[in-house]
Amino acid sequence: MVLAERARAARLEHILKLINRSTFGKRSEKLPVDQLALTLEDQNVALGEADGLQDKAAEEAGRYGLRPRRRRAPDAERASLPAHLPRFETVIEPKNLECACGGTLHKIGEDRSERLDIIPAQHRVMVTIRPRYACRCCSDGVRQASAPAHVVPGGLPTEALIADVLINKYCDHLPLYRQSKIFARQGIEISRATMANWVGRGIAALMPITDRMRADALARARLFVDETTVKVLAPGTGKTKTGYMWVIVCDDRAHGGVDPPLALYTYMPGRGKMWAKQLLGSYQGILQVDAWQAYDQFGKDDGADTGVTKSYCWAHLRRGFVDAGSDAPVAQDALQRIAEIYGIEKEIRGRTAEERLAVRQERTRPLVDKLHAWFAATAPRMMAGSATSDAMKYALKRWAGFTRFLDDGRIEIDNNTAERAIRPVTLQRKNALFTGHQLGAENWAAISSLVETCKMLDINPYAYLCDVLTRIITRADTDPIDDLLPYCWTDANAAQTSFELSSIASAA
């Protein structure tokens, strides 16, 4: 009875520590020795203020003939300004070019400095004129060019404006009511409902692309899969319900793969087996997931050949020991052992799959085997129900899935690739709080797939959406869209944009 009470007290104390850590503590799961000293933004602001005051004091000293403080070297950022930005040169000449001896001063050199400037966003009105023509000699009718196709027929926005609203909402996480206020500051009154209609029409036009991306993703040899909660307004109740944003990520760059990366988001009302089956269907290949039971239906943990190879996430395994707290010596020992394995993974990231496999067999497998033996020997001696005990049992029960990466150089040690893709969803969730209905969540998933895939490909999401919206609206449902996929896309306006920038620079 006494032991049971102690175990219950220890469990309650652990829960309290978890609550305090999640509320007030650090979120990173890295070991303290790996932590970098993070400088707070407010501290940088204060340092900048101090620098400004010192510069002002130095200028005042120079006016009175005192020796001014030596100025600091220009910021490093000045030397790294992008070459494609137009340059506007201002020449500052001395007030007098006559030498004291009576001669004329001649230029012997110059000092050049570059500073980054900005022209605030300006809205403009695009006027389309379609003249009507008729013959004076007959009444054969009137001839006029057809009106161009638009995402919003007869509406105010150009495709560029719709792309801008989409990027502001889903990439920069700026809700529509804030965008409406930004328009109002320029004297443009556009309601949030009107912009919501633009967003919906834009996403409807882009939906064939995301559907094609889904088919492409499920044909890949390996998928990272994860999910997170989102709040959706329940119709007729005035309350929200919890749905789930699932993400599929394809990214083979860590082992030198040639397939382009992509991220695909899908909203579903739940995270159970039926929803995982609906998401992945009859997928055949490598699944990198956490050990959530919804994935049990895919593949076998005993290694039986079912067409699906399932690899579990070591970050989730490590998280259990992190939750045990810094005052649990056994948990800290486990974290140190896992850190050694992660250290090797860091060394071989970016190498070919064959090289990674060879290093894992030679260096990582002995460490993993020792860790398994230590878990098996230590777990029975741990207090039942403790966080450390639960973490060890979690690992031992699924050990085959955790060691799958040792036999295939393509497999990553964890599912962090998918977890990183979840972060934009959490940012949007903080700004929007909830979506108005399920269709809104599905639209969110569709546009996020395009935006985040562009980010992975180092493509400007605005340039992509602006160009693709203009092109896809002119195509029929049966027309090919291969050239509009993010990983096949080339900017049709790149040459024109470059010409306009060079013309501006020349005129200046």
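Modeller: Let's start with Asp458, which sits in the loop between helix H13 (438-456) and helix H14 (461-472). Helices (H or I, at least four residues) and strands (E, at least two) are DSSP runs, numbered from the N terminus. This is a predicted model, in which local features need pLDDT of at least 70 and side-chain atom pairs pLDDT 80 or more, while totals for chains, interfaces and linings use all residues. Residues are numbered from 1 along each chain as its sequence is written, and side-chain values use heavy atoms, with hydrogens and water left out.

Colleague: Why does Asp458 count as exposed?

Modeller: Buried means under 20% relative accessible area, exposed over 50%, and partly exposed in between (1.4 Å probe, protein chains only). Asp458 has 74% relative accessibility, so Asp458 counts as exposed. Its phi is near 60 degrees, a positive value in a residue other than glycine.

Colleague: And what makes His173 buried or exposed?

Modeller: The relative accessibility of His173 is 11%, so this residue counts as buried. His173 belongs to the loop between helix H3 (159-170) and helix H4 (176-185). Its phi is near 60 degrees too, again a positive value in a residue other than glycine.

Colleague: What about Asp482, and why is it called partly exposed?

Modeller: Asp482 comes out at 35% relative accessibility and therefore counts as partly exposed. You'll find Asp482 in the loop between H14 and helix H15 (494-507). Leaving aside residues up to four places away in sequence, Asp482 touches Arg212 and Cys488, where contact means heavy atoms within 4.5 Å. Arg212 is 270 residues from Asp482 along the chain, and their C-alpha atoms are separated by 8.6 Å.

Colleague: How many helices and strands does the protein chain have?

Modeller: There are 15 helices and seven strands. Of the 508 residues in the chain, 36% are buried.

Colleague: Now the sheet. What is the order of its five strands?

Modeller: The order is S5-S4-S3-S6-S7, in an open sheet with mixed pairing. Two strands pair if DSSP finds at least two bridges between them. What makes strand S5 (262-268) and S7 the edge strands is that each pairs on one side only. From one strand to the next, the twist averages 30 degrees.

Colleague: Which strands does helix H5 lie across?

Modeller: H5 (residues 192-218) lies across S3, S4 and S5, and runs at about 110 degrees to S5.

Colleague: Let's move to helix packing. Why are H7 and H10 called roughly antiparallel?

Modeller: Axes are lines fitted to C-alpha atoms, for helices over the stretch in contact, and angles run from 0 to 180 degrees between N-to-C directions. Angles under 35 degrees count as roughly parallel, over 145 as roughly antiparallel, 65 to 115 as roughly perpendicular and the rest as oblique. H7 (residues 314-323) and H10 (residues 387-397) pack at about 160 degrees, with axes 8 Å apart; the pair is therefore roughly antiparallel.

Colleague: Which residues of H7 and H10 meet there?

Modeller: From H7 come His316, Leu317, Gly320 and Phe321, and among their partners in H10 are Met392 and Tyr394. By class, the contact has seven nonpolar, three polar and no charged residues. Ala, Val, Leu, Ile, Met, Phe, Trp, Tyr, Cys and Pro count as nonpolar, Asp, Glu, Lys and Arg as charged, and the others, Gly among them, as polar.

Colleague: And why does the pair H7 and H8 get the label roughly antiparallel?

Modeller: H7 and helix H8 (residues 329-348) pack at about 155 degrees, with their axes 9 Å apart, so they too are roughly antiparallel. Residues of H7 in this contact include Trp314 and Arg318, which with others meet residues of H8 such as Leu335 and Tyr342. The classes here are 10 nonpolar, no polar and one charged.
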